[in-house]
Structure formats: structure tokens, C-alpha cells
Amino acid sequence: MTKILDKQSMLLLAVHALFIFATALSGTFLPIYLWKNGGSYALIGLFTLAQYLCSGVTFWMAGNWVKEKNKMIVLRVGMALCGIFYCIVLWLQDDAIRNIYLLGLLLGAANGLFWISFNVVYFEITSPENRDRYNGWAGIFTAASGMLAPWISGFVISAMAGESGYTVIFLLSLLLFITGAVLSFWLQKRPPSGTYNWKHCYMQLCERGNPWRRMFAAVAAQGVREGVFMFLIGLIIFAVTKEESKVGNYSLITSAVAFVSFWAVGRWLQKRHRSAAMMIGSVMAALAILPLFTGISYSKIVWFGICASLFMPLYTIPMTSQVFDLIGANEKSVCEREEFVVLRELALTLGRVFGIVIYIIIVYTSSEPDVLAWMLFIIGSVPIASWLLLRPILRNHSRT
């Protein structure tokens with residue numbers, strides 16, 4: 001198969017881009033919205049914990065429907081529930097904070113349904129030859145969404161009085177989720193095949209010498225950083241500046257850097273260089289946190305974001321590609337692709353939950369700037385473990 005992306009790949013990229021843009025539009029400011037309505041560092045962490053736990057359970061349970069019935073229905077239901085979630089938040093208004101755990105469970109279920117079906121379709125559409133290229137383009141669209149969506153949201157929210165800006169942004173996200181669901185009808189319907197193995201994850205992890213034991217731990221290490229950094233950086237910026245527009249400006253700057261970096265890595269990274277890329281990306285992204293030890297200010301957070309955005313694509317692109325290459329390693333694995341996608345998500349969920357639990361314990365104790373800086377550095381360094389765990393797999397892959 002050629003490295004060129006076909007029409008189905010581009011269509012899947014469009015659906016993915018709409019989902020990411022809608023999520024970035026509202027999701028970036030969702031923790032801030034909850035914070036302003038009576039939340040705290042710890043409470044936002046508990047909301048995120050509920051979200052991740054429900055997402056992991058949904059992945060495992062929905063795997064049966066994706067494999068044996070209709071994966072495209074699952075994808076559309078996931079997008080629809082994401083839109084419904086923001087409608088409920090608007091309806092509850094000040095009461096949202098009192099229902100924060102139920103809201104976390106709803107958003108987790110919505111994300112779980114979308115990503116289980118999306119990842120299976122992604123595996124079926126791409127191949128080892130064009131997977132890095134696809135991931136590069138996906139990263140570009142993600143960076144573009146992160147660049148434009150939060151900036152638009154921050155501008156609208158800051159320009160409008162009271163909470164009316166949040167209403168506009170949340171409703172716009174609903175429209176984008178609906179558009180993505182409609183666009184997915186042009187994706188080719190892929191018939192179900194096989195029977196879902198509920199014990200598959202347990203069997204893989206119990207088998208001695210199985211490469212998925214290393215991969216599971218590596219993906220979990222990736223999830224530790226993701227679980228905390230995805231919401232905490234924006235929340236810290238708002239806590240420091242008290243301005244939503246600053247959050248949007250931060251995202252605009254850092255995502256512009258990520259846009260260029262994802263394009264370059266996706267275009268020029270070769271399989272034999274994946275190990276070196278992961279090492280450089282994970283180590284440099286961790287070192288970028290060091291300036292925060294001298295005090296957390298907006299300018300220092302922006303500097304951290306620029307450095308992390310520059311180097312993280314070197315880590316995330318080969319990491320993602322390697323996982324799906326392992327799923328496609330042989331005919332048996334391909335037949336069990338739904339179960340392996342679930343295994344990957346459970347690893348991410350385990351890592352995210354672990355990171356959030358550490359975060360909650362720390363902020364319950366103290367939320368002083370130096371404490372937050374140490375926490376960010378420790379959690380931000382965990383992806384280095386992914387590279388160390390995958391070195392043998394990456395070395396063998398390079399030879400073949």
C-alpha cells in the first residue's frame with residue numbers, strides 16, 4: 001500500500017478533525033467553567049477521574065458491539081452524546097458543579113464510544129506504510145484545532161457579558177459534533193466479523209513473552225502525562241491570569257508550534273528512527289518544565305508549552321504508529337483488532353487514572369506553585385518510561 005492517503009483516509013481525517021475541533025472549542029474551557037461555578041483543583045480532578053474510569057469501562061463493553069454489530073453506529077452515538085453533554089451543562093448552569101460526577105460519567109461514556117469505533121476504523125483504513133503519514137496529518141489537524149478553537153473560544157467568552165459566551169461556544173460544539181456524525185455516513189460500512197473475546201486483555205497480559213505486556217506498560221506511561229496535562233495547564237493559566245483570553249492565546253501559540261512539528265515529523269520520520277525520536281521527544285518535553293521551578297507565571301508557562309509542542313510529536317507519532325503496527329503484526333492479531341484497541345485504551349485509562357490519583361492526593365495536600373511545579377515535572381517525565389519499555393520492540397521492528 002502506498003504512503004499516499006486515499007479518499008477514505010481523508011474522510012476519516014475530516015471526521016476526526018471535526019471531533020477534535022469541537023472538543024477543543026469547549027473542552028479547553030470546561031474545567032474553567034466548572035471552576036468559576038464553585039470548583040477547586042481537587043474537584044476538577046475528581047470530575048476528570050470519573051470521566052476516565054467511565055471511558056475505560058465503556059471501551060471494554062462497547063468492544064462487543066463494534067466487533068459483532070455496527071461500529072459506525074457506535075461512532076455516531078459517541079459524537080451525539082458529546083453534544084448532548086454540553087447541552088446538559090448549559091441547562092444545569094450553577095447546578096452543574098453539584099452533578100459533577102454524573103457529568104464526568106456521561107462525558108467518559110461519550111468519548112469511550114467515539115474512540116473505540118474510531119480507532120478500529122483507523123486501523124482498517126491505514127497500513128504500516130502510510131500510518132506515520134496519517135498520524136502526521138492527524139497531528140496537524142489536532143494542532144490547528146488547538147490553535148484556532150481555544151483562541152476563538154477565549155475571544156468570544158471574554159467579549160460577551162456573564163456566561164453568554166460559554167453558551168455560544170457550547171452550542172457551536174454541538175453543531176460540529178452533529179456535522180461530524182453526518183459526514184461519517186460517507187465512510188464505507190465495514191461488516192462485522194468474529195466473536196468478541198471478553199477475556200482477551202487478561203489473556204494477553206498473562207502470556208509470558210507476549211510483546212503486549214511491554215506495550216501495555218508503555219501506553220500506560222503515556223496516559224499518566226495525558227491524564228493530567230490535558231486539563232491542568234489551562235486551569236493553571238486561568239488561576240494565574242484570571243482571563244479566558246490568555247488561555248486561548250496560549251493555545252494559539254503552542255498549537256502553531258505543534259502544527260509545524262507534526263507536519264515535519266509526519267513527513268520525514270522513518271521507521272528505523274522511531275526509537276531515537278521517542279527518546280528525544282520524551283526527554284526534551286520533560287526538561288521543558290524546569291523553568292517553572294523558579295515560579296509559575298504566564299510567560300514561563302508559554303515557554304514550557306512551546307518547547308513541549310515542539311518535541312512531543314517526536315514521541316506521540318511513533319508511539320501511536322508502533323501500537324497499531326503491533327496490532328497488524330499477523331493475521332491473528334488483525335482478526336482481534338477490536339480487542340487490541342480495547343487493550344490499548346485500558347492501558348491509557350490505567351495511566352490516566354494513576355496520574356489523576358497522584359494529582360488529587362497532591363492538591364489535597366497543597367496547591368502552592370513549587371508543589372505544582374514538582375508534580376508537573378514528575379508526571380511529565382513518565383513518558384520516558386515508554387521509550388525504555390519499547391526499545392526492544394522498536395529495535396526488532398527497525399531490523400525487519
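These are my notebook entries on a few things I looked up in this predicted model.

**Cysteines**

I started with disulfides, and a search of the whole structure turned up 0. C87 is in no disulfide, and its nearest cysteine sulfur belongs to C82, 12 Å away. With a cut-off of 2.5 Å between the sulfurs, that pair does not count because 12 Å is beyond it. C87 has a relative accessibility of 31%, so I put it down as partly exposed. C206 is in no disulfide either; for this residue the nearest cysteine sulfur is that of C201, at 11 Å. C206 is also partly exposed, with a relative accessible area of 46%.

**Helices α1 and α6**

Next I looked at how helices pack. Two packed helices are described by the angle between their axes and the distance between the axes. How do α1 and α6 lie relative to each other, roughly parallel or roughly antiparallel? Helix α1 covers residues 7-27 and helix α6 covers residues 131-159; their axes come within 8 Å and cross at roughly 30°. An angle under 35 degrees counts as roughly parallel, so that is how I logged this pair. I noted the crossing of α1 and α6 as right-handed.

I then went through the residues that touch. On the α1 side I listed S9, L12, L13, H16, A17, I20, F21, A24 and L25. On the α6 side, the residues they meet include Y134, W137, F141, L148, P150 and I152. Sorted by class, the contact of α1 with α6 has 15 nonpolar and 5 polar residues, and no charged ones.

**S173**

S173 sits in helix α7, residues 164-183. Is S173 buried or exposed? Its relative accessible area is 0%, so I have it as buried. Leaving aside neighbours within four places in sequence, S173 is in contact with A22, L25 and S26. I had already written down L25 as one of the α1 residues that meet α6.

**Helices α5 and α14**

Another packed pair: helix α5 (residues 100-125) and helix α14 (residues 337-365), with axes 10 Å apart and an angle of about 125°. I therefore logged α5 and α14 as oblique to each other. The crossing of α5 and α14 is right-handed. From α5 the contact uses I116, N119, V120, F123 and E124, and from α14 it uses R337, E338, V341, V342 and R344. By class I get 5 nonpolar, 1 polar and 4 charged residues for the contact of α5 with α14.

**L90**

L90 is in helix α4, residues 71-92. At 14% relative accessibility, L90 counts as buried, because the cut-off is under 20%. Which residues does L90 touch, leaving aside its neighbours within four places in sequence? They are Y166, T167, F170 and L171. I also took the separation from L90 to Q322: 232 residues in sequence and 40 Å in space, C-alpha to C-alpha.

**K242**

My last stop was a backbone angle. Most residues other than glycine have a negative phi. K242 is not a glycine, yet its phi is positive, at about 65°. I found K242 in the loop between α9 (211-241) and α10 (244-268). Its relative accessibility is 54%, so K242 goes down as exposed.

Note on methods: Residues are numbered from 1 along each chain as its sequence is written. This is a predicted model: local features need pLDDT of at least 70, side-chain atom pairs count only at pLDDT 80 or more; totals for chains, interfaces and linings use all residues. Side-chain values use heavy atoms; hydrogens and water are left out. Buried means under 20% relative accessible area, exposed over 50%, partly exposed in between (1.4 Å probe, protein chains only). Axes are lines fitted to C-alpha atoms, for helices over the stretch in contact, and angles run from 0 to 180 degrees between N-to-C directions. Helices (H or I, at least four residues) and strands (E, at least two) are DSSP runs, numbered from the N terminus. Angles under 35 degrees count as roughly parallel, over 145 as roughly antiparallel, 65 to 115 as roughly perpendicular and the rest as oblique. A crossing is left-handed if the near helix is turned anticlockwise from the far one by less than a right angle, and right-handed if clockwise. Contact means heavy atoms within 4.5 Å. Ala, Val, Leu, Ile, Met, Phe, Trp, Tyr, Cys and Pro count as nonpolar, Asp, Glu, Lys and Arg as charged, and the others, Gly among them, as polar.
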